[in-house]
Amino acid sequence: MVAHHIIKTIRHGNTVKRWHTRRMHHYETVGEHTANVLTIIFALCHDRNPSAALIGAALMHDTAEQWVGDVPATAKWESPALKEALDALEEKKLRDNWIQIPDITEDERLVLKWADMLDLCYTCLIELDMGNREMSDVFNRGVEYLKGLEPHPVGLSLLDALVKERRHV
């Protein structure tokens, strides 16, 4: 049964450990990250519910990491060829496993990007609060990345709150 296979595949993808290239106090899984991203999406869509397509895309946005790993964004930013190869492999593996990430609008894609990177910043803030100073540069890169995105009013408020709290950590 295809649905059974898809559920098992997504559940397995949720167990992938994130941040494997960093020393962390708490190594989160893709499943934990996904739940956090969904929480942020609901905050970003505060005056309306997110679409089923956006929720589905968020639920599966890192599923393919079970086959390619959680490659740091900085590596993909520095090597467009690596990013292109990873994207192609992820698409192939998802297709091979009957997983289709829902199509979302450009506005929804922006919300997902904001939520994904805001979660990175929240994770960094927690690590910094526990004394992990190595996450300072990651936090700063996340803030700069978000500042470079098309502005999102609620996202900007959350970013402002994160930056203010960071000053006290």
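**The nonpolar core**

In this predicted model, the largest nonpolar core has 34 residues, and those with the most contacts inside it are Ile41, Leu44, Leu112, Trp114, Leu118 and Leu146. Such a core is a set of buried Ala, Val, Leu, Ile, Met, Phe, Trp, Tyr and Cys residues joined through side-chain atoms within 4.5 Å, where buried stands for under 20% relative accessible area with a 1.4 Å probe, protein chains only. Two or more residues come from each of α2 (30–44), α3 (52–60), α7 (106–129), α8 (136–148) and α9 (153–166), and α7 gives the most, with 12 residues. Leu112 touches Val37, Ile41, Leu54, Ala57, Ala58, His61 and Ile104, leaving aside residues up to four places away in sequence; a contact here is a pair of heavy atoms within 4.5 Å. Apart from this core lies another, of 5 residues, including Met60, Ala64, Leu94 and Ile99.

As for the setting, the protein comes to 9 helices and 0 strands, assigned as DSSP runs of H or I with at least four residues for helices and of E with at least two for strands. Of its 169 residues, 40% count as buried, and among contacts between residues at least 6 apart in sequence, 71% join residues at least 24 apart.

Residues are numbered from 1 along each chain as its sequence is written. Local features need pLDDT of at least 70 and side-chain atom pairs pLDDT 80 or more, while totals for chains, interfaces and linings use all residues, and side-chain values use heavy atoms, without hydrogens and water.

Technical notes
Buried means under 20% relative accessible area, exposed over 50%, partly exposed in between (1.4 Å probe, protein chains only).
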